[in-house]
Amino acid sequence: MKKFEFKGIKFLAVVIILYFTAFVFNFEQTYLGLLKAFDIFLDLLPIFVFIIILTACINYFLKPKQLMKHFGQNSGKKGVAYSLTGGILSHGPMYAWYGMLSQMREHGVKDGLIATFFYARAVKLPLLPFMLDLFGIVFTVIINVYILIFAIVQGKMMDKLMKES
């Protein structure tokens, strides 16, 4: 059985202390700030729930061993689509993925698909609600489409460079 860990508890304690300090020095502004933060949280809550459900479904239905067969030398557009999707859905620090990607490379995954995966990680599903709230839907869609287009370009460039070397 995995032990439950309280990650971020120190950060939470610091934030609570800072808010109490702010309440002491400027109660009205701090209270208004908390109300605004709560309103933003309520606006973003449905998007958070959707992302959590989507991520859970993907983790349940898509297994890494099932996907390995789609990343070979002749994977074509399907391999690119899986690399983009995997990059978007991947979480955690990048170094945590190095071992698995190295093994996939040893089993014949193209370098371009790995580069595409790395580049597509710039799209962060958990942060999209904040981006939408701060920048609006038009900017958010355009920047994320550009990221995905250039993920593909980077992958193609990597394949070309690796063939030349």
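Predicted model: local features only at pLDDT ≥ 70, side-chain atom pairs only at ≥ 80, totals over all residues.

Q: Which residue forms a salt bridge with R105?
A: A salt bridge requires a side-chain nitrogen of Lys or Arg within 4 Å of a carboxyl oxygen of Asp or Glu. The N to O distance for R105 and its partner is 2.5 Å. The structure holds 1 salt bridge. The partner of R105 is D111.

Q: Is D111 buried or exposed?
A: Buried means under 20% relative accessible area. The relative accessibility of D111 is 18%, so D111 counts as buried.

Q: How far from D159 is the nearest side chain of opposite charge?
A: D159 lies in helix α8 and is buried without a salt bridge. Not counting residues up to four places away in sequence, D159 touches K110, D111 and G112. A salt bridge would need a nitrogen-to-oxygen distance within 4 Å.

Q: Which side chain of opposite charge is nearest to R121?
A: R121 is placed in the loop between α6 (111-120) and α7 (128-135). R121 is buried yet has no salt bridge. Leaving aside neighbours within four places in sequence, the contacts of R121 are with G87, S90, H91, G92, P93, M94 and W97. The nearest side chain of opposite charge is 16 Å away and belongs to D111.

Q: Are α6 and α8 roughly parallel or roughly antiparallel to each other?
A: The axes of α6 and helix α8 (residues 137-164) come within 7 Å and cross at roughly 150°. Residues of α6 including D111, A115 and Y119 meet residues of α8, among them F150, Q154 and D159. α6 passes α8 in a right-handed crossing. Angles over 145 degrees count as roughly antiparallel, and α6 and α8 are therefore roughly antiparallel.

Q: At roughly what angle do the axes of α4 and α6 cross?
A: The axes of helix α4 (residues 76-89) and α6 come within 7 Å, and α4 passes α6 in a right-handed crossing. On the α4 side the contact is made by G79, V80, S83, L84, G86, G87 and I88, and on the α6 side by L113, T116, F117 and A120. The axes of α4 and α6 cross at roughly 35°.

Q: What separates the C-alpha atoms of V141 and L128?
A: V141 lies in helix α8 and is partly exposed, with a relative accessible area of 46%. V141 and L128 are 13 residues apart along the chain. Their C-alpha atoms are separated by 9.8 Å.

Q: Among contacts between residues at least 6 apart in sequence, what percentage join residues at least 24 apart?
A: The secondary structure comes to 8 helices and 0 strands, in the pattern α-α-α-α-α-α-α-α along the sequence. Buried residues make up 24% of the 165 residues. Among contacts between residues at least 6 apart in sequence, the share joining residues at least 24 apart is 72%.

Terms used:
Residues numbered from 1 in each chain as written. Heavy atoms only, no water. Helix = DSSP H or I, 4+ residues; strand = E, 2+ residues; numbered from the N terminus. Buried < 20%, exposed > 50% of the residue type's maximum accessible area, 1.4 Å probe, protein only. Lys, Arg positive; Asp, Glu negative; His and termini not counted. Contact = heavy atoms within 4.5 Å. Axes fitted to C-alpha atoms, helices over the stretch in contact; angles between N-to-C directions. Parallel < 35°, antiparallel > 145°, perpendicular 65-115°, else oblique. Left-handed = near helix turned anticlockwise from the far one by under 90°.
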